[in-house]
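Thanks for coming, everyone. Please take a look at the model on the screen, and then we will walk through it.

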Amino acid sequence: MSSYPIPIVDFTPFLDGSAKQQAADQLLGSFKSSGFVYLTNFGISNEEVQEMFDWSKRFFALPHESKMLAPHPDSGMHHRGYSFPGQEKETQLPDSGDSEAEIPLPSVKESFDLGREDDENCVWRSIGLKCHEVEKNILRALALGFGLEEEWLVRYHGMADNGLRLQHYPSVALESVLANKVARISTHTDFDTLTILFQDNVGGLEVEGPNEPGRFLAVPPIPNSIIVNAGDFLRRWSNDTIRSAMHRVRAPPNAVTRDGMLLSRYSIPYFCAADFSTVVDSIPGTWSADYPKKYEPVSVKEYVMKRFAADY
């Protein structure tokens, strides 16, 4: 029995073909039970991951004026560029109705959003394409888990123009986080198909337990792994058979300086969305006469852009 709050899946048997169905079933089972999974041996080397973090730290070490030379637009409709601490907010939009429940706590983080890069010599284009390959392999495994043809979900994710985000959580007083005066990231769900997360060794990520709403469990870093979580779009697409779990970044244990300050934290999420030009209906096998469809077909672009716009 793992001591970690979410399952750990070795992706080797899927990638080398030695036990594809077994790995696929483990992955889908993790998404159904907790919405999160640790994935090891996923196809990107430790050296490449470390290079990403090295470039990220170099960027966030720049003066504020330099980072603001590539500012994020005031609107969330175009997710590119630098966002200063407090600029982005975490919101929750229900699938039915137009009301918005905004989380009031300000998030003390800064970020830089990147998309597909046409310069073949750009380090981010290279890593973005590799992340896209990881995404497609995860989708292939999920399709097998659902009993579908392996490329079924990949066909809806043909474009590599997903969101790669550099994130920095500056050092902040532990007391202010524990007293709920500020948050590193407020409680929220992601809203695309999948999120692939690379994180440093500081920690702080917490996920809501599946059986105890409001109780959050620490998701500590595991060396040489990524964390993958399902977003609201995949939950809806799966007719609520997959879980999109609330999560947040809080105060990690053993990461506090003598003067009560939390250590800086770096993470790099890769947000995976289906192609904007498509309209999707419930995944085959997730509904029946006894368990009917809960949602009408939805435009990917309409769904995702509505959520983007709510965050700025």
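Which residues do ring pairs link into a cluster? They are Trp152, Tyr156, Phe233, Trp237 and Tyr303. Rings of Phe, Tyr and Trp (its six-membered ring) pair if their centres lie within 6.5 Å; planes under 30 degrees apart are stacked, over 60 edge-to-face, and the rest tilted.

A word on the ground rules. This is a predicted model, where local features need pLDDT of at least 70, side-chain atom pairs count only at pLDDT 80 or more, and totals for chains, interfaces and linings use all residues. Residues are numbered from 1 along each chain as its sequence is written, and side-chain values use heavy atoms, with hydrogens and water left out.

Back to the rings. The count is ten aromatic pairs. Take phenylalanine 59 and phenylalanine 60: they pair edge-to-face, 5.2 Å centre to centre, with 75° between the planes. Phenylalanine 59 also pairs edge-to-face with phenylalanine 112, at 4.9 Å and 65°. Phenylalanine 59 lies in helix H3 (residues 46–60) and phenylalanine 112 in strand E6 (residues 110–114), so this pair ties together parts 53 residues apart in sequence. Helices (H or I, at least four residues) and strands (E, at least two) are DSSP runs, numbered from the N terminus.

Phenylalanine 60 is buried at 6%, and phenylalanine 112 at 15%. Buried means under 20% relative accessible area (1.4 Å probe, protein chains only).

Now the sheet. Eight strands form an open sheet, in the order E1-E2-E12-E9-E14-E7-E6-E3, with mixed pairing. Two strands pair if DSSP finds at least two bridges between them. Strand E1 (8–10) and strand E3 (81–83) stand at the edges with a single partner strand each, so one side of each has no neighbour in the sheet. Inside the sheet, look at strand E2 (residues 36–40) and strand E12 (residues 225–230): they pair in the antiparallel sense over five bridges. Leucine 39 stands opposite isoleucine 226 in E12.

Last, the helices. Helix H2 (residues 20–33) packs on the sheet and touches E1, E2, strand E9 (194–199) and E12. Contact means heavy atoms within 4.5 Å. The direction of H2 makes about 145° with that of E2. Axes are lines fitted to C-alpha atoms, for helices over the stretch in contact, and angles run from 0 to 180 degrees between N-to-C directions. H3 lies across E3, E6, strand E7 (163–169), E9 and strand E14 (265–272), at about 115° to E14.

Conventions
Buried < 20%, exposed > 50% of the residue type's maximum accessible area, 1.4 Å probe, protein only.
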